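User: I'd like to talk through a structure with you, starting with some ground rules. Can you put it up and begin with the terms you rely on?

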Amino acid sequence: MVDITDKQTEAADESEMDALERRQIPRWAVTVFSVVCLLLLWEIFGHNINPVFGSYPSAIAVAFWELLRSGQLGSALFESLQPFFVGYGLAILAGIPIGLIIGRFRTAEAAFGIYITAGYAMPLVALVPLLILWLGLGFKVKVAVVFLMSLFPICINTWLGVVAVPKTLVEVGKSFVAPDHVILRRIILPATLPYIMAGVRLAVGRAVVAMVIAEFFTTISGLGAVIINSANNFDTATMFVPIIILMVMAIGLNWLIGFVERTVAPWQAEIAGRDRE
Amino acid sequence: MGEVSFVDVSKRFTLRVDGELHHVQALDRVSFSVRDGEIVALIGPSGCGKTTALRVAMGLDPANAGRVTVDGREVHGCGHDRGMVFQHAELLPWLSAQQNVMFGLEMKGMRGIELRATAQKYLELVGLADSKNRRPHQLSGGMKQRVGIARALAIDPKVLLMDEPFGALDAQTRESLQAELLEIHARTKKTILFVTHDLDEAVLIADRIVVMDRGRVHEIVDVPLTRPRADLSIVRGLPEFADIRYKIWRMLHDAPGVH
């Protein structure tokens, strides 16, 4: 008798759990729903606007298809991505060590911290003419623009991350007589990883903007050229194609960085409890 | 061997509170010594300097005057002759229990098979061989502190320094770890200097208790309980336990620094 009641309660519990799970809408579905709604609204209201002043998804899709078929989009994308990835990659390679050193050593912070803080706010567009004088109009100057735009958020985040490392963890290293470079590599660096990854994420957006700026103000090329040329022809729908591609690319890169973060620093998501969502 | 001596150790801190500089005499000519294989507890009201004394002995904070020696050699910075157990274990969160124990050993220069085997041995000593692959957040508070103890013991220091090692644990876990510490001590015969604010703990574990007050050694009391103290529940019931506990309780209560 007792057994039966127990089983009944269990069954009731289970169906309640099922109901709860059924009520929970998966997060990707929420995202898809949000995007579909936005596109629908844009489509409906976009039709009423003069095609010079605005566009709408179906027109942009047609423009996308034509750019893709002519091969123009593929080559422009390829042209843009090279300085983007070289500049962004160099910014990661340089920004993390610089941030670590400035955060770790008071003297380095006093000597170089101000340049990093100032550099973050540097009006880079204004400096592009100067960069052109130094590096010419080609690949190098584009790499430099992307590098300079994405370096500082990575640097600053790494720096702040190091400063936030609990003192006691460093003391653990010290009490086992770890030399400074070992403390930096084996304690400070892993403890700072979440901050570094946040900086790397923030830098994606700035690197994308930098890439387009570089293509506007140096040799007009790549996706930037597609934007400028179609804008000059009042072909607004075509102009939106590279803009949307760049935004989608930024989303993809962000997702990729999140994946890398969970792979190299799985403890972080576990501690925060994010792995269970 | 593992003899620790504090000789006239003084330590002053300067704090800035609301723009005003305050000088705090954390240690004022502190002298006492710990004999080889002995367990000594530092006890006193908060702010009495007991943790500072331990940090100076570890070499994490330098003394302004006086010296600490380990087997006659003066302490300058940290060294492998002292192993530190931190208040909240302070394990590296990205390393497994075993890797945390290995970290200290690697800093001592140990590599390869010996490294793994030694870490394994000390995890077994604290009863955590089965959980060696867990990361700190997958361990309970008591298990974390066990790893902390294993990490400090593994480098085979002459002296084990412990900063309120069980202070953050619940009562039951604390009791089992106290018993375990005594068992480890019986096996390894390590010299142990530990800081606690728990009078019972000091009396249960220590051979001698250094009562501190406002940066000074107020009194040094011998604990007349014999070893081994295998069953702490029996020790707690002994009249000697109650006597010595009451004696030190009075001392702490009458100390002028206690409000």
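Analyst: Two residues are in contact if their C-beta atoms, placed from the backbone, lie within 7 Å. Helices (H or I, at least four residues) and strands (E, at least two) are DSSP runs, numbered from the N terminus. This is a predicted model, in which local features need pLDDT of at least 70 and side-chain atom pairs count only at pLDDT 80 or more, while totals for chains, interfaces and linings use all residues. Residues are numbered from 1 along each chain as its sequence is written, and chains are lettered from A and ligands numbered from 1 in the order in which they are written.

User: Okay, what do the buried residues of helix 4 of chain B pack against?

Analyst: They pack against strand 6 (82-85), helix 2, helix 3 (112-125), strand 7 (159-163) and helix 5 (171-188) of chain B.

User: And how many of the residues of that helix 4 are buried?

Analyst: In helix 4 of chain B, 12 of the 14 residues are buried, so the helix is largely enclosed by the rest of the structure; a residue counts as buried if 20 or more other C-beta atoms, placed from the backbone, lie within 10 Å of its own. Among them are Met143(B), Lys144(B), Arg146(B) and Leu153(B).

User: What span should helix 4 of chain B have?

Analyst: With 14 residues (141-154) at 1.5 Å a residue, helix 4 of chain B should span 20 Å, and its end C-alpha atoms are 20 Å apart, which agrees; the expected span is 1.5 Å times one less than the number of residues. Helix 4 of chain B is followed by Asp156(B), whose phi is positive, near 50 degrees.

User: Switching topic, which domains is chain B divided into?

Analyst: Chain B is divided into domain 1 (1-75 + 160-259) and domain 2 (82-156), with bounds that come from an automatic or database domain assignment. The C-alpha centres of these two domains of chain B lie 24 Å apart, and 17 residues of domain 1 are in contact with 13 residues of domain 2. Helix 1 (50-58), strand 7 and helix 5 of chain B each supply at least two residues of the side of domain 1 that touches domain 2.

User: How many residues of chain B are in contact with chain A?

Analyst: There are 17 residues of chain B in contact with 15 residues of chain A, and helix 2 (residues 97-107) of chain B gives the most to that side of chain B, with 3 residues.

User: How many helices and strands does chain A have?

Analyst: Chain A has 12 helices and 0 strands, and 32% of its 277 residues count as buried.
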